[in-house]
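Student: I would like to learn how to read pockets, cores and aromatic pairs in a model. Please take me through them.

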Amino acid sequence: MSEAATPASEQSARPSPIMSHRQILFVIFGLMAGMFLSALDQTVVGTAIRTIGDDLHGLSQQAWVTTAYLIVSTIATPIYGKLSDIFGRRPLFIIAIVIFVIGSILSSFSTSMIQLAAFRAIQGLGAGGLMSMPLAIMGDILAPRERAKYQGYFLAVFGISSVAGPLIGGLFAGASEILGIAGWRWVFLINVPIGIIALIIVMAFLHVPHHPRDSVRIDWWGATGVIVALVPLLLVAEQGRDWGWGSAASITCYVVGAIGIVGFIIVEMLMKDDALIPLKLFRSSTFSMATIIGVLVGFGMFGAMLTLPLYLQLVLGATPTESGLQLLPMILGLMIASIASGQIIARTGRYRQFPIIGTLLLSGGFFWLTFLTYDKSYWFIAGAMLLIGLGLGQLMQTLTIASQNSVGLRDMGVATSASTFFRQIGGTLGTAVLISLLFTVMPTNIQSSLSDKATLTAALDAAFDPAVANAPENKAIMNTIYDPIVKNATTETQKGLQAKVDQAKAQGAAQGKEAAVAQVQAKVDAGQIPQSEAAAAEAAAASAGAAAGEKAALAQVTPAIEKAVPVASVSADGTVTLDFSNASERNEFVDTLVPTIQKQLEKSGGSSKVSSNDINDTSFLKNADPRLAKPFLVGFNASAVTVYWVAMFVVLLAFVLSLFFKTPPLRAKSALQEAADEEAIQAVEAAEETGSLALPDLEPDDELTLTGTSLPAEHGRHAVESAPQDPVTRASHTGPGSSATQGHGRHTARPGEVATP
């Protein structure tokens, strides 16, 4: 073969370039549009959930709104991954955006928290694709090491949405109406124009090469198994506190969930490579460990972080907008850690240290939060949020990259979605369990805070103060908790004092009557009063004596009563009234009342009289007197600290496991490039069979091995051309990131064979 002919033959056989840098940027632009839609929705809803819960009278049901979204998105994630492997990423990403926008429109029409949860579930059906597809597409077009360089683009989107989301959410939640529609409903309506823009960008720029499958089998039974396994377990996690963890309904959910898990595993074993989550993925210790760590991190991260906006708004009194801005330390830490870890990964190809440091910092942040008290300043919380952000920034992409690095192109989508799927399972369980825990222990903690003598004394002193109790800003909190206490104490005290006065009056009247009648009788006996007039005289004397006796008794008992109960006063007719306007008298009364109420609280045996219904609408805390609000704030603080303890131990377990995390070096080629290289090698084999030499598109540092001899690429081509066309001549291609450098052995091609990695 002549040298003149070689370039033409090479040109005809070698594959066209996969994607240029400009094309990659356009694809990433499309991915960022979809990711912005999903990320913005999460941050907007997070800061507005208190306003939504108050308006729909169901704040304690907020876990339904969150878990419904997460359940469906979790179930949908592996389905999107499998379908995108079969039909391509682009159509599935477009479908996800459309479904998400429809769910957003429906959510804006919600009239109850349960209805909102149902519509959020539709949103979740679209979010499952918005969260997993960008990661899968990134895995297709970028090598694991190169991927870290592009993290900045996605972090910019995440950062912008994290800053803009709370501001937008706070703006909407703080407005009573916008264009005649309740302000919080715009939290969902804003997704419509953003979704349309994202859809246009994706359709214009998102064009990723797709390698169609020869056979198409969709694992619908596996999807059914996921639903049967997850829904009952998440349902009992949310409702267990109301049903009872050992109730018939809870036990039924345990059994059905266990059956679903067993059924899912059996189906996946039978489906093999076509399974929704192929079990062969778990043969890789890297994938398995990344999955377990992802579940644990998701559990602690999602569940505990949901309490932060609530804490900032309830305890620190921040508005939704302010609470969004106050989350910036966590966002700052996340971006710093992500960018720094991305640069290190891109340069070294190693990432083992990041899961270790990330879980350690994350658990440290939660440990910091366990020292929270209701009167701690914002800056104390900001320090913990910075630690949490620094930890998450080293975990979010690292675990996904590790999972993608352990599989080839065929399983890139399903591996990415499986990694996201299990992390979301952890997040969904964490949300259901920890939010359920928060609202389960909160009523008891509120009552416990009332049992504290200083807290109870200050609260009752404010509650009995007419100026405080009748103030408009305190009306709601008085109606919620203090009016029954004030009314009961006032009624019981007044009734007791009135009984004493009435008893004294009766005794005085009886004594006065008896004395007067005795005097008349003595006069009759002495002949001073005729016998015929005795009866009339006795009656008149009895009436006058009783009145005099009552008056004398009243004069005697009044000072004693007013001294014993300073707020009490007795009128001339013996009516007892209570006046709490005098501060010193009120303080004395409260001091005598506190021990009685404390005993009543102790008698309850820890059974809270404050129900979840009392905290479904927390708007009563806004601008309320701090003394009245303190028991609620202390109770919520104690409940949040319980959540942080649980999250810390879960993340600490992830830290221990990360110490045993094996992390092979990252590949230097993308999945699409590896597929193209394999096709090029097969083209060489085909050319050898037909007597025509067509070589793969080689990089300058690639090597071509002929008959066991490695030569640089620029010499390799000449070696092939001058090599004898012997049937046993072997050609193999190696280079940075090729299979040989991945520990799978050198690509070797024999005439008539199909080269495999």
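The dialogue below takes these features in turn.

Tutor: This is a predicted model, in which local features need pLDDT of at least 70 and side-chain atom pairs count only at pLDDT 80 or more, while totals for chains, interfaces and linings use all residues. Residues are numbered from 1 along each chain as its sequence is written, and side-chain values use heavy atoms, with hydrogens and water left out.

Student: What volume does the second largest pocket have, and how many residues line it?

Tutor: On a 1 Å grid over the protein atoms alone, a pocket is an open set of points where a 1.4 Å probe fits, with protein on both sides within 12 Å along at least five of seven lines; lining residues have an atom within 4 Å of a point. Here the second largest pocket has a volume of about 640 Å³, taken as the space filled by probe spheres set on points joined across faces, edges and corners. Its lining has 27 residues, and I485, N488, A489, I597 and Q600 lie nearest the centre.

Student: Which helix supplies the largest share of that lining?

Tutor: Helices are DSSP runs (H or I, at least four residues) numbered from the N terminus. Eleven lining residues, the largest share, come from α22; α19 (412-451), α22 (475-525) and α24 (583-603) each supply at least two.

Student: Which residues of the largest nonpolar core touch the most other members?

Tutor: In soluble globular proteins, nonpolar side chains tend to be buried together. A nonpolar core is a set of buried Ala, Val, Leu, Ile, Met, Phe, Trp, Tyr and Cys residues joined through side-chain atoms within 4.5 Å; buried means under 20% relative accessible area, exposed over 50%, partly exposed in between (1.4 Å probe, protein chains only). In the largest core, of 93 residues, they are F366, L369, F464, I477, Y482 and F636. Helix α25 (residues 626-658) gives this core the most, 14 residues. Apart from it lies another core of 70 residues, V65 and V414 among them.

Student: How many aromatic pairs are there?

Tutor: Rings of Phe, Tyr and Trp (its six-membered ring) pair if their centres lie within 6.5 Å; planes under 30 degrees apart are stacked, over 60 edge-to-face, and the rest tilted. The structure holds eleven pairs. F282 and F287 are edge-to-face, 5.3 Å centre to centre with 80° between the planes. F282 also pairs edge-to-face with F422, at 5.9 Å and 80°.

Student: Why does the pair of F282 and F422 tie together separate parts of the sequence?

Tutor: F282 lies in the loop between α11 (248-271) and α12 (285-305) and F422 in helix α19, so the pair joins parts 140 residues apart in sequence. F282 is partly exposed at 31%, whereas F422 is buried at 16%.
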